[in-house]
Amino acid sequence: MALRKYSKAEPLIFLWLMLPFVIGINAIIFGRCVFTSFRIFFSSFALSACFLFFSYLCFRGVAFLIRDRFPSNGDLFRRIAVMLPVFMFMNILMITGLYALHNIFPVVSCTLIVSNVWWAFLFATISSTVITLLNEAVVNWNSWKRSITETEQLKNAYKKTKLLGLKGQVNPHFLFNCFNSLSSLISENEDAAEKFLNEMTKVHRYMLRSDEELLVTLEEELKFALSYLYLIKARFGNAISANIEIPASRRKYHLPPLSLHVILENIIYSNSASNEAPLKIDILTTDENYLTITNSVHPRIRKDIIDYEEGLDNLLNKYRLLEENKVIISENEHQRIISLPLIKEKEIIL
């Protein structure tokens, strides 16, 4: 099991600072005597290094406890304000313990300089403060870089979603089928044609929405889904059966825009549908605040090159970047269920 690191640069910070720290602390508590021979220097260095390494593990353990208590980037100054006085007290214990260790195990002939104990404490406090600030700086720098990267990825994902939605809008197959259905209705039933044109306008307006919202309410998505399914049913008739049951209490929850478009398009263009074997679609919610889209499976071989799985993959990536619960997809030979986490609070700001 890998050792937990406070920051990515912690091992490097430790290696660069531990050597001068051990030499410096020995020079303070023993004076020039520690440098009179290699044997004295090596003996004092080895004993002090072992003790100080153990002390360092205690310090980092406390640091982890404090960071777990104040984990967010916004808690940086609060975290440091707690760490520094705690480490100051620990430094007193560490220096006292180091003097006691060399008294109990006098491996060198040098005499301890007791009067330098407060200088040793000051040196240890400055060193631990430097290590703390360096580690915190690295942690927050990496967190900032990661947030910038993920923000850009999220923006790109949404731009890609809009492009995918636009692609669905100008898809010649989709346009041809809509206008073909509209043309038939005009000659047969003008009222139905007017209704069809109204729903078609709603679908295209939603796809081409120009705002920059990253989340929309489930209510908005359902309005789109009803209009989209109306157009589809005008073409397929009873070959497609859709059932939507969403309680009013869940309609104020949020999800990424065009989520239902991506899933419904994937379902309809990846499955065959007929009056004898209708394609059934159910849109429901669960007690765990998931929106579930269930469809019967009637796979068909596509002859065109449109990749409807691309939109679904993009939706999965978007949820990952939003750091929400994962999208759950389960499938067997009879049905597929896609569960989208509903977001209660709209708190994502880029």
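Biologist: Why does C33 count as partly exposed in this predicted model?

Modeller: C33 has 27% relative accessibility. Buried means under 20% and exposed means over 50%, so C33 falls in between and counts as partly exposed.

Biologist: And what makes C110 buried?

Modeller: Its relative accessibility is 9%. The cut-off for buried is under 20%, so C110 goes in that class.

Biologist: How do you know that a disulfide joins C33 to C110?

Modeller: The S to S distance is 1.9 Å. A pair of cysteine sulfur atoms within 2.5 Å counts as a disulfide, so C33 and C110 qualify. The structure holds one disulfide.

Biologist: What does the pair tie together?

Modeller: C33 sits in the loop between α1 and α2 (38-69), and C110 in the loop between α3 (76-104) and α4, so the link connects parts that are 77 residues apart in sequence. It's a left-handed link, with -85 degrees about the S-S bond.

Biologist: What about C50 and C58: why is C50 called exposed, and C58 partly exposed?

Modeller: C50 has a relative accessible area of 58%, and exposed means over 50%, so C50 is exposed. C58 comes in at 33%, between the 20% and 50% limits, so C58 is partly exposed.

Biologist: Which residues gather in the patch of positive charge on the surface?

Modeller: That's K5, K8, K145 and R146. K8, in the segment before α1 (10-30), has a relative accessible area of 67%, which is over 50%, so K8 is exposed.

Notes
Residues are numbered from 1 along each chain as its sequence is written. This is a predicted model: local features need pLDDT of at least 70, side-chain atom pairs count only at pLDDT 80 or more; totals for chains, interfaces and linings use all residues. Side-chain values use heavy atoms; hydrogens and water are left out. Patches are made of residues with over 30% relative accessible area and no salt bridge: like charges are joined within 9 Å, nonpolar side chains (Val, Leu, Ile, Met, Phe, Trp, Tyr) within 5 Å. Accessible areas come from the Shrake-Rupley method with a 1.4 Å probe; for residues, only the protein chains shown count as cover. A salt bridge is a side-chain nitrogen of Lys or Arg within 4 Å of a carboxyl oxygen of Asp or Glu. Lys and Arg count as positive and Asp and Glu as negative; His and the chain ends are not counted. The place of a charge is taken as NZ of Lys, CZ of Arg, CG of Asp or CD of Glu. Helices (H or I, at least four residues) and strands (E, at least two) are DSSP runs, numbered from the N terminus. Buried means under 20% relative accessible area, exposed over 50%, partly exposed in between (1.4 Å probe, protein chains only).
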